[in-house]
Structure formats: C-alpha cells, structure tokens
Amino acid sequence: MNDRTPAAPPVLGVRDVTVRFAGLTALDGVSFTVVPGSVHALIGPNGAGKSTCFNVLSGLCRPAAGTVTLGGTELTRLAPHRIAALGVARTFQNIVTTQGTVADNLMLGRHALSRAGFAASALRLPRAVREQREHLDRVREIAGLTGLGQHLGSPVALLSYGDRKRVELARALCLEPRVLLLDEPVAGMNAAERARMAEVIGDLRAELGLSIVLVEHDMGLVMRLADDVTVLDFGRPIAHGTPDEVRQDPEVLRAYLGADVQAEDAA
Amino acid sequence: MSDRLLDGLTSRRAGIALLAVTLCLPPFYLDAFWLRIGLFSMAAAIGAVGLALLTGTAGQLSLGHAFFLAVGAYGYVWLAGEPGPGLPPGLAALLAVLLAGAAGGLFSPVAGRVRGIYLGIATLALVFLGHHVLLTADSVTGGFNGRSVPPLTLGGFTFGAGDPELTVLGVPFGAEERLWFLGLALFAFTWFTARGLLRGRPGRALAALRDSETAAGVMGVDVARHRSAAFVVSSLYAGLAGVLLALAFRRVVPDYFSLALSVDYLAMIVIGGLGSVAGATAGAVFVTALPLLMTRYADQLPLVTAPGSAEGFVGPTEAARYLYGAAIVLVLLYAPDGLHGIVRRARDRVRLRRPRTPGTDPVTSPPQPAAAARSKEHTP
Ligand SMILES: Nc1ncnc2c1ncn2[C@@H]1O[C@H](COP(=O)(O)OP(=O)(O)OP(=O)(O)O)[C@@H](O)[C@H]1O
Ligand SMILES: [Mg+2]
C-alpha cells in the first residue's frame, strides 16, 4: 500500500519563477533548490510572496515565467491533483479543512493513493471495502504520529486551533509525500503547542526522510529546524544560505531581521 | 472484536430485518390509495437521494432535476413503447436510466465551468428546454397529452394488473401491490449504493469539493472529473426515479416535469438535511405525501376546500405547498441540517448519557454538511 519507494525524495528545483497579479509582481525571478531530505525555509516580511510561491509549487497558481521541477518532471503546467499524486503535499496558512471528522479529513489525504471508483464504492465491492480498511489503518498510524489519535472520531469543527493545524499536517502526511510544504505551521499557536509542533516536524524529517519547505515567521523555529534558508522581500530573493549565514547577511538584516536581531543581540 | 461490538452488529442486523419485513406488509393491509402514496414517496426518495448527492454533498446547486427525471420517464416510455423501438421493458428501463446519466454527462462541461447560483440558473435552462421539447416532439413524447406507459415485464411477470393473475395470502395482487415491491427493491438498491458512495472514497472527494475546491485539488482530487461525475451519478438516480414515477402514473405528461417539480426536490433535500440519504428520504416522503393526504382529508381540515366544493380558502394542493413552504423556513431558521440533523442530535444526546462503545469506526460517518449556507471557497 505504501507503494512509494522509501528512497531519497527527488530534488525540487525552482527556476526564475515570476508571478504577476494585475500590476503587482508577487514573485520576481525566484530560484532555489530544495536538497533531498532537507528542511528548506522560505522567509520574508508579510506580503513577500511566500504563500504565492507555495501556490506555484502546488499548482494552484501558474507563473508568468519560470519553471518548477521535481526530479525530472516539470510541475509548472500540471493540475494540483497531478502534483499531489507525484508526492507533493501542503498545508495552508489559514486552515482549510473539510467538514466531518478528523478521520474523514485524513482519509481524504489517502485519495491519490487509493483506487476505489464510483461503481466499486456504490456496490461496496470487497476490494473497495478492503482498501478502505487498509487506508484507515494507516490513517490511525499517522494520527498517532501527530498526536491526534484520540481525536479521530471528533468533528474537525470542534477541535482547538492548534489541533486543527495538526489535522492539516496529518492530512498532508496521509499523502505519503516526498516533499512537504508547510505554510506557517505554528502561526497562532501558544508556546507549548509550538514546541510540540517543532518536535513533530523534526521527527518527521528524521523518520520519513522527506524534504520539507517551511514558511514561518517564528525565527527561533526556522533557525532550529532549517538546513537552508531563502529570504524573499517584495517577491525578490535577497539572500540564500544556512541559517547562520542568513542571520549575518546585511541585506537581510536591513530588509527584514534588522530590528529583531539587534534587539536579541542587545538582550 | 468485543462482544459489545458483536451485539451492536446483530442488533443492527435485526433492526434492518425488522424494517424490511415491516415495509413488505402494507400491500397486505392497505388499500390502493395508501400504496400509491408509498409508491410515489419511494420514487421521490430515489430522485431526492440523487439530488442530495449533487447539491448536498458536492455543493452544486441544480434546478434541473425535473429534466433528468423526465429523461428517465420519457426514455422508458419511448424505448419500450409504440411509436418507439419497442424494446423489452426491462431493457428499456435500464437504458432509460443510462440515458438520463448520459444527459447528465452531456451537461457536465457546463457544470465544470459555472458555479453556485450561476449553475442553478444554467440548470434552470434545462427544465425550460426539456419542457419545450416534450411539448413539441409529438412523435416521441406524445405532445401535450403525453403518452401512456407500457407496464414493466420481467421474465414473464408483469408489474401491472393481471398476467399472471396473482393472489398472495388471500390478497389479490394488482398493479399497486406489485409496483410496491418493485419500488421497495429499487429504493433499497438506491439506499445501499448511495450510502456506499458517501462513506467511500468518492463521497469524501465530493464533500471536499463542496467545502473547498482548492483543498480538494491539493489533496489529489481531480476537481473537474468529480464535478462531472456528481452530475452523472445524480442524473442516474433521477432517471431511475423517473422510470418508477412513469410506471406509477401509467401516463406521462409534460406539465408534471416543470420547474415546480425541481423546486419540490430541492425542498425535499433541504427539509431532510442536505447531503444525507436518510434525510433525503424523509424529506421526500414529507413533500410527496402531504399534498395527497391533504386532498384526501380536505373535508376534515379547517380553511381547506374539499375538491368539488366552494367553501374554504385554499385548495388542498396549495395548502400543502404553504405547509411545506413553512416547513422549509422553519428548518432553515432553527435546524439548518434538517430532519436528519435533528435526529442525529437527539441520538448523540442519548449516546452521551450512556458510556461510549469502544471500537466504533470513525470513518463510517458520512460527510455532514453542518449548515445550508456556508462560505464556499478559501483563499490559500
Ligand atoms: N490571488 C491574488 N490576487 C492578487 N494579489 C495577490 C493574490 N495573492 C497574493 N496577492 C498579493 O501578492 C503579494 C504576496 O502575497 P503572499 O500571500 O504570497 O505573501 P506572504 O509572503 O505569504 O505574506 P504573509 O506572511 O502575510 O502570509 C501580496 O501583496 C498579496 O496581496
Ligand atoms: Mg502567506
């Protein structure tokens, strides 16, 4: 069932991607490469174009120029569901879950990995029933991994904000992704929830060996988890490097981290 | 498996068996009037389940359900009748259902492009178009006067009066009695398949479309394909309902398949609770049986005119419409998830009082729309 090979995920390459919205250039020649198995952070001030970049990666937004490749496959012209089937999963900045229970949401994540069509499900053919049961088992495992085990039967609408964020993460994991895109996974969480989420993300990377692209305003989290950092400002990439390199980059300090870093240093 | 769970399963089986037996009893005790109410209710329930899948689960507003019902009804009459190919009625019924599905498939490119209220208006056009064709294509549809419906015959057994004469347990089985069992079988089929769909992979994908096409796409759901599929499946059920309605009426006329019929079906799924099979069934029984009962008992109801008398204010059919209009307003105001939601909440309350059964399967709950009105799309 887990038919994707556990081998290293393919390289995700972003080349000169430009996105324009009626006069506004949201992304302007953005390039970066996500090394297989690494955590690549994408940071920048509000409106820098981070979420737009995720929309390009997941096929929700067509760039005016540039390409995105996963291994040898170009993603730029593919529909979102095809990109999902290639093993690219994402979460949203503002939670986007569907109604129903946590299990319903997670089972939706198994959509691309299961086969049962309309006829097979309507007639409840044995193979459809069996498939559903097998995927449900895997969903239980993933729920356990993300600390949602006891919430499987609860309606998502009744969960706390932090739990709903985790549902989104778990749903993305249900795709058995090779590349995971996380858009502000700890935004709006309290300190305890943040620490918990950071731990989960760290574990994922260690246990599942997937590539993670992380958008996050919480610099502590970025510095702790990321291997590489790309900094965007008004859609332009202004710096690349390891967290330490980026932290010292004068352009970054001026454009974005400036006040924070100086305040931290002073403290 | 725990004993508790096994007990649960056996009591569930027993419940279903009891229900099945109960539903088989009416032909032995009730007269044709009640059987006809049951028959029309079953046909309406099949159609309503189709609309519930499309509008309730997949979130695509359709005012065109009457059109697909008409395709099923007239498809059967033409395919089995004279003028027409005169096919064996069983085959004609099957083909009529497929024809309705194909009509849904033909419309689905439109459904793939327009959304929400605009889709509702596009489907409205179908009803007007269909009505016009039914009136003008005389050679196929019989025009204004419609056509009489050939009875369904399966393996030498006619679902009509006589041929062969049949008496079961001292009760002579005429058309109504026979059709009752046909309707019951088709309704059971609908119930089984629709619930299988809703609880399986396609149902989750359709519900995801309704809640957020963006999220559905990113989770691997082929949005365009599933939008079309919802239309096809819904039209298949509508076609089946159309065939059964035709058999029950014994004559099809264009005026029945008007916009008012589409609205009736929307009323059924709103009253019952969007997106649930049981809810659609309850709503269908309510909306179908009410006018028939009010006509029958008009002389005993205040303010309602008995047929053929001049007293009272409104005719029974209009009075029924006022009543279910009021029911819709009440449902939307106080219980947006309809009869189904009311029952579910009552059941949850009972369950809360008792200790929870361990090992209940969390996925077997079909996707529940919580409210009739909801925000449609999120921007990522
Ligand atoms: N669909 C759209 N139509 C028009 N403009 C858009 C659209 N989506 C994003 N933008 C604009 O593009 C710019 C980049 O937005 P984006 O959401 O990518 O920023 P972000 O880096 O994710 O910011 P934040 O940290 O606040 O989430 C913003 O100025 C935004 O207003
Ligand atoms: Mg953003």
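A:Ala122 is found in helix α4 (residues 118-122) of chain A, where helices (H or I, at least four residues) and strands (E, at least two) are DSSP runs numbered from the N terminus. At 10% relative accessibility A:Ala122 counts as buried, a word that stands for under 20% relative accessible area, with exposed over 50% and partly exposed in between (1.4 Å probe, protein chains only). Leaving aside its neighbours within four places in sequence, A:Ala122 is in contact with B:Phe192, B:Thr193, B:Gly196 and B:Leu197, contact being heavy atoms within 4.5 Å.

This is a predicted model, in which local features need pLDDT of at least 70 and side-chain atom pairs count only at pLDDT 80 or more, while totals for chains, interfaces and linings use all residues. Residues are numbered from 1 along each chain as its sequence is written, chains are lettered from A and ligands numbered from 1 in the order in which they are written, and side-chain values use heavy atoms, with hydrogens and water left out.

**Domains of chain A**
- The domain assignment of chain A gives domain 1 (12-87 + 177-266) and domain 2 (98-170), and such bounds come from an automatic or database domain assignment.
- The C-alpha centres of domain 1 and domain 2 of chain A lie 27 Å apart, and 15 residues of domain 1 are in contact with 10 residues of domain 2.

**Nonpolar cores**
- A nonpolar core is a set of buried Ala, Val, Leu, Ile, Met, Phe, Trp, Tyr and Cys residues joined through side-chain atoms within 4.5 Å.
- The largest nonpolar core has 135 residues, and those with the most contacts inside it are A:Leu106, A:Leu180, B:Tyr76 and B:Tyr265.
- Helix α11 (residues 223-249) of chain B supplies the largest share of this core, 15 residues.
- Because domain 1 and domain 2 of chain A both give residues to this core, it lies between them.
- A:Leu106 touches A:Val139, A:Ala143, A:Leu152, A:Val167, A:Ala170, A:Arg171 and A:Cys174, not counting residues up to four places away in sequence.

- Four strands of chain A form an open sheet in the order β2-β1-β4-β5, with antiparallel pairing; two strands pair if DSSP finds at least two bridges between them.
- The edge strands are β2 (24-34) and β5 (73-74) of chain A, each of which pairs on one side only.
- Helix α1 (residues 50-57) of chain A packs on the sheet, touching β1, β2 and β4 (65-70) of chain A, and its direction makes about 115° with that of β1(A); axes are lines fitted to C-alpha atoms, for helices over the stretch in contact, and angles run from 0 to 180 degrees between N-to-C directions.
- Seven bridges join strand β1 (residues 12-21) of chain A to the antiparallel β2(A), and in β2(A) the bridge partner of A:Arg20 is A:Thr25.
- β1(A) and β4(A) pair in the antiparallel sense over five bridges, with A:Leu70 in β4(A) as the bridge partner of A:Leu12.
- β4(A) and β5(A) form a hairpin with two residues between them, and A:Gly71 in the turn has a positive phi of about 60°.

**Cysteines**
- A search of the whole structure finds zero disulfides over all chains, a disulfide being a pair of cysteine sulfur atoms within 2.5 Å.
- A:Cys53 is in no disulfide, and the nearest cysteine sulfur, that of A:Cys61, is 9.7 Å away.
- A:Cys53 is buried, with a relative accessible area of 2%, and A:Cys174 is buried, with a relative accessible area of 0%.
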